[in-house]
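Student: Please show me the protein, and then we can go through it by question and answer.

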Amino acid sequence: PAAAIAARLCGSRTARLLYDQMFVKPRSDAMASAASTPWHQDQPYWSVKGEQVTSVLVALDDTPEAECLQYARGSHRGRETFQPVHFKSGTPYESADPLPTLAPPSERNLLSWDLNAGD
């Protein structure tokens with residue numbers, strides 16, 4: 001159903017999977033559990049352009065809101081592209097045309113929620 005949902009959100013009859021990715025943060029690994037994903041836009045990491053591009057998150061485990069990804073309200077509407085960084089080190093990816101750095105959003109603009117496996 002993820003492809004059908006993505007297609008519907010993009011106003012398209014079809015959707016294609018570019019790639020999949022899995023983030024694993026086992027509770028038994030204190031360092032991994034404490035690590036946070038840096039603020040970023042997905043688009044600069046992909047080799048595609050356009051407005052009909054979607055990310056889909058599927059929870060494999062029940063996850064309380066305090067441990068979930070946070071989203072900046074309305075950030076998908078922005079036209080500016082920001083510099084992609086390596087998640088582990090925070091250093092920028094090399095690029096011919098450096099992009100501006102993404103500042104963390106205001107706390108009042110953040111969205112997150114409890115997830116159940118399969119959400």
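Predicted model: local features only at pLDDT ≥ 70, side-chain atom pairs only at ≥ 80, totals over all residues.

Tutor: Residues are numbered from 1 along each chain as its sequence is written, and side-chain values use heavy atoms, with hydrogens and water left out.

Student: In which element is confidence highest?

Tutor: Confidence is given as pLDDT, the predictor's value for each residue from 0 to 100. The protein has a mean pLDDT of 87, and 99% of its residues reach 70 or more. Helix 2 has the lowest confidence, with a mean of 83, while the highest, 92, belongs to strand 2 (residues 110–111).

Student: In what order do the elements run from the N terminus on?

Tutor: Helices (H or I, at least four residues) and strands (E, at least two) are DSSP runs, numbered from the N terminus. The protein has 2 helices and 2 strands. From the N terminus on, the order is α-α-β-β.

Student: What percentage of the residues are buried?

Tutor: Buried means under 20% relative accessible area, exposed means over 50%, and partly exposed is in between (1.4 Å probe, protein chains only). The protein has 119 residues, and the buried share of them is 13%.

Student: Is Gln-83 buried or exposed?

Tutor: Gln-83 sits in the loop between strand 1 and strand 2. Its relative accessible area is 13%, so Gln-83 is buried.

Student: Is Leu-17 buried or exposed?

Tutor: Leu-17 is found in the loop between helix 1 (2–10) and helix 2. Its relative accessibility is 71%, and therefore Leu-17 counts as exposed.

Student: Which residues does Thr-63 touch, not counting those up to four places away in sequence?

Tutor: Thr-63 belongs to the loop between helix 2 (30–34) and strand 1 (71–72). A polar atom of its side chain lies 3.0 Å from the backbone oxygen of Asp-61. Beyond four places in sequence, Thr-63 touches Cys-68, Asp-114 and Leu-115.

Student: How many polar residues are in the lining of the largest cavity?

Tutor: On a 1 Å grid over the protein atoms alone, a cavity is a set of points where a 1.4 Å probe fits but cannot get out, and lining residues have an atom within 4 Å of a point. The largest cavity holds about 30 Å³ of space, and Leu-57, Tyr-71, Ser-112 and Trp-113 are among the residues lining it. Ala, Val, Leu, Ile, Met, Phe, Trp, Tyr, Cys and Pro count as nonpolar, Asp, Glu, Lys and Arg as charged, and the others, Gly among them, as polar. The lining has 6 nonpolar residues, no charged ones, and polar ones numbering 1.

Student: What volume of space lies in the second largest pocket?

Tutor: A pocket is an open set of points with protein on both sides within 12 Å along at least five of seven lines. The lining of the second largest pocket has 6 nonpolar, 2 polar and 3 charged residues, including Phe-23, Lys-25 and Asp-29. Grid points are joined across faces, edges and corners, and a volume is the space filled by probe spheres set on the points. For the second largest pocket, that space is about 320 Å³.

Key: Polar contact = N/O pair within 3.5 Å; in protein donor to acceptor, adjacent residues only side chain to side chain. Contact = heavy atoms within 4.5 Å.
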